[in-house]
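Dear colleague,

Please find the structure below, together with its sequence. My notes on it follow.

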Amino acid sequence: MSSTRWLRRSGPPRLEFGADYNPDQWPREVWDDDVRHMREAGVTIVSLAIFSWARIEPADGEFDFAWLDDAMDLLHANGILVDLATATASPPPWLAAAHPEILPVDRVGNTISPGGRQHWRPTSPVFRRYALRLVRALAERYRDHPALAAWHVNNELGCHNVHDYSDDAARAFRSWLRIRYETIEALNDAWATAFWSQRYTSWAEILPPRLAATFPNPGQQLDFKRFSSDALKDYLIAERDVLREITPEVPVTTNFMVMGEQSSMNYADWAAEVDFVANDHYRQRGVRSADELSFSANLTGNIAGGRPWFLMEHSTSAVNWQPVNLPKRPGELERDSLLHVAHGADAVCFFQWRQSRGGAEKYHSAMLPHAGPDSDLFRSVVALGSRLHELAPLAGTPRTRARAAIVFDWQSWWVAELDSHPTNRLRYRREAFDWYLAFLDLGIRADVVPLDTDLSGYELVIAPILHVVPAALTTRLTTYVDSGGHLVTTYFSGIVDENDHVWLGGYPGALRDLLGIRIEEFAPLPDDGRAELDNGLTGSLWTDRIDLTATDVEVLATYKSGDVAGRPAVTRRPVGAGSASYVSTRLGPEGLRVLLADLAARAGVTSDLPDDLRGRVELTRRGGFQFVINRTDEPVDISTLSPAHPVLAARGVAVLS
Ligand code: GAL
C-alpha cells in the first residue's frame with residue numbers, strides 16, 4: 001500500500017489537471033503561448049523533462065539547466081505546478097556510444113540498439129551510476145523550487161525493457177535466486193530440475209531463460225518474471241532513495257501501466273514504494289474498451305489502497321501506436337477522464353500538452369493539437385478543465401467500497417499463461433474482465449482488488465483462474481467462506497503452489513475440500529469446441545471432468561454435450577454461513593451475466609440501480625457523490641435515479657451529490 005502523501009502544494013483541495021510538457025521540443029517563444037493556453041484550459045500541473053536527459057546533460061558530466069530553470073520559473077509564475085521527471089527514461093546517444101554495455105539483450109541474444117527509448121538494462125551498474133548522478137543533480141538543483149510538487153521517477157518503468165537477458169541480468173538473477181532459495185538444493189527442488197536432467201550444481205550455471213531448444217524450465221520462467229518485476233522495483237527504489245535523501249518533503253511517484261495485457265510489472269507489489277500511485281491508461285481498440293478503462297481504473301484505485309491516485313497519462317483523442325488509430329468520439333474525452341475520477345483519481349493528465357511537429361509521436365493527440373487552439377479538441381479540453389474545477393469538492397474523498405469484489409493476482413496471471421499447459425489459449429485478464437463486464441451489465445458495483453486485500457468486508461468474492469494457491473491462501477479463503485463469505489472460483493484454479501508444483505490427489509488440489517469437488521483430468525476445448533449446459537448457457541475454452549466429493553454440493557448446471565456430458569459444470573457448496581462455487585468453463589460476459597445474477601442473488605448482493613438503468617450506466621460512489629456513467633452511445637433517461645438530471649447524453653457522466 002502506498003503512503004498517504006500527495007503533492008507538495010498549498011491552497012484548498014482540488015482535482016489536478018494537466019499533461020506531459022515537453023518545452024524542449026519547441027523554440028522559446030512558443031513557451032509563452034503554451035502557458036497562456038494552459039491557463040485558459042485550467043491546467044494546474046505538468047510533468048516536465050521526462051525525455052530530456054540529452055538536453056540536460058549534453059556531454060558526460062556537463063549539465064545545462066538554464067532552459068529548465070527558465071521553464072520551471074515560467075510555470076511557477078503562471079501558477080502551474082511541476083511533477084518533475086528524473087529524465088532517466090531515455091539515455092542519450094553519447095552514453096550508449098561510450099557504454100554499450102548498458103544496452104538490453106533479448107532472449108535470442110540480440111542487443112537492443114539506441115534509436116528508440118528505454119534502451120537500458122534495469123540491472124546495469126553502469127547505467128545506474130550515470131542515472132543516479134543525473135537524479136542527484138536534478139534534486140539538488142530544484143529542491144527548493146516553489147513549482148516542484150512531486151518527483152516522477154523515470155517513465156513507465158518496464159514499458160520496453162522489462163525482460164533483459166544480458167549478462168548483467170544473469171548476474172542479478174543469480175543474486176536474487178540466492179536470496180530466495182539460500183541453497184542450490186532448494187532451487188533444484190523448486191524448479192523440479194530432476195526433470196530433463198536440469199540439476200544445477202552451482203549458482204554460476206544458472207542463466208535467464210534465453211532461447212532454448214524447447215520449453216524452458218517453468219520454475220526458471222516464473223522466477224525470471226518475478227525477478228524482472230523486482231529488478232525494476234529495485235531501480236525505482238534506487239532513484240527514490242536519492243530523491244528522499246535530498247528532498248524528504250517532496251513526494252515521489254512513477255507512472256504505472258495498469259492497462260490491457262500489460263502483465264510484467266506486479267504493481268500490487270510496487271505500490272508500497274511510492275508516495276502516491278500514478279497510472280497511465282490508453283484505450284485499446286476492440287470490444288468494450290471503455291469498460292476496460294473502468295476495470296483498470298478500479299484496480300488502480302485498489303492498488304492505491306482506496307486512497308486518491310494520479311492519472312498521469314491518457315489521450316485526448318487518437319494514439320499513434322495501434323495499427324489504425326481512431327479519434328475519440330464526442331463526449332469520450334470527458335467520459336474517459338471522469339471515469340478515472342469516479343474510481344478515485346484526483347488528477348487527470350494527458351500525454352501530452354502540445355502535439356509534436358516531429359518525432360515518432362507527432363500523430364499522437366495532445367491537449368493542444370496541430371490545428372491550434374481554434375479546434376473542437378482544444379475547446380473540449382477547456383470544457384473538461386472547468387468541469388474538473390467544479391468537481392473540486394471531490395478531491396481527497398475515498399471511494400465507497402462495493403459489496404462484491406473480483407480478486408486480481410499477478411502470480412496466477414503469470415503462471416496460468418506459461419507454456420506447456422493444457423491449452424495455450426487461456427487468458428487470465430480476459431476472464432477477470434468478463435466477470436467485471438457481467439457485474440457492469442447487471443448494474444452491481446464490484447471492486448477489482450489485489451489478492452492480498454482483506455476480503456472480509458466483501459459478501460461476494462470472485463477469484464477467476466486463481467491458479468497459484470499456496471497453503472496459506474487455502475486457509476485464508478476457507479476462513480473467508482467459514483465466516484460467511486461467498487467465494488466463486490473458476491477453471492484452472494487451485495492447481496499449483498508457489499513453486500508451480502501441482503497439488504496432488506485430484507484437482508483443484510488446494511481448493512478441493514472447500515469446493516467439495518474432485519477433477520481427475522482437465523478437458524480443454526479446441527478453438528471451435530463448445531460445451532452446452534443444461535441451463536441454456538454455452539461454454540468454450542475449457543471443461544472439467546468433475547466428481548462431487550461432498551454430499552452438500554449443489555449442481556447449478558450440468559454439461560449436456562461432449563465428453564463431459566452428464567457431469568457438473570457449475571457447482572455451489574454451502575459452507576457455514578457462506579458458500580464456495582466453481583465454474584468449470586469459460587462462459588464469456590453474456591453467459592456470466594446470467595450465472596452471476598443467480599450467484600449474486602444467493603449471496604444477497606443486489607444492484608444499486610433502478611431496473612431500467614442496469615447495464616446502461618455504470619454507477620460508482622465516491623465521498624458523498626454518485627457518478628452515473630453512460631456506457632452506451634445513446635442518451636439515457638436517468639430520471640428514475642435522478643429526477644433533476646432527466647437525460648444523460650451519449651457517453652456522458654453525471655456527478656450527483
Ligand atoms: C506512454 C508514454 C508516453 C507516450 C505515450 C503515447 O507509454 O509514457 O511517453 O509515449 O505512451 O501513448
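The lining of the largest cavity comprises five nonpolar, two polar and one charged residues (nonpolar: Ala, Val, Leu, Ile, Met, Phe, Trp, Tyr, Cys and Pro; charged: Asp, Glu, Lys and Arg; polar: the others, Gly among them). This is a predicted model, in which local features need pLDDT of at least 70 and side-chain atom pairs count only at pLDDT 80 or more, while totals for chains, interfaces and linings use all residues. Residues are numbered from 1 along each chain as its sequence is written, and side-chain values use heavy atoms, with hydrogens and water left out.

The residues lining that cavity are P122, T123, V162, D164, A169, F227, S228 and A231. Helix α8 (residues 218-246) contributes the most to this lining, with three residues; helices are DSSP runs (H or I, at least four residues), numbered from the N terminus. The volume of the largest cavity is about 40 Å³, and the structure holds four cavities of 30 Å³ or more. On a 1 Å grid over the protein atoms alone, a cavity is a set of points where a 1.4 Å probe fits but cannot get out, whereas a pocket is an open set with protein on both sides within 12 Å along at least five of seven lines; lining residues have an atom within 4 Å of a point. A volume is the space filled by probe spheres set on the points, which are joined across faces, edges and corners.

The largest pocket holds about 600 Å³ of space. Its lining numbers 25 residues, with Q25, F51, S90, G116 and R117 nearest the centre. By class, the lining of the largest pocket has nine nonpolar, eleven polar and five charged residues.

Kind regards

Notes. Helices (H or I, at least four residues) and strands (E, at least two) are DSSP runs, numbered from the N terminus.
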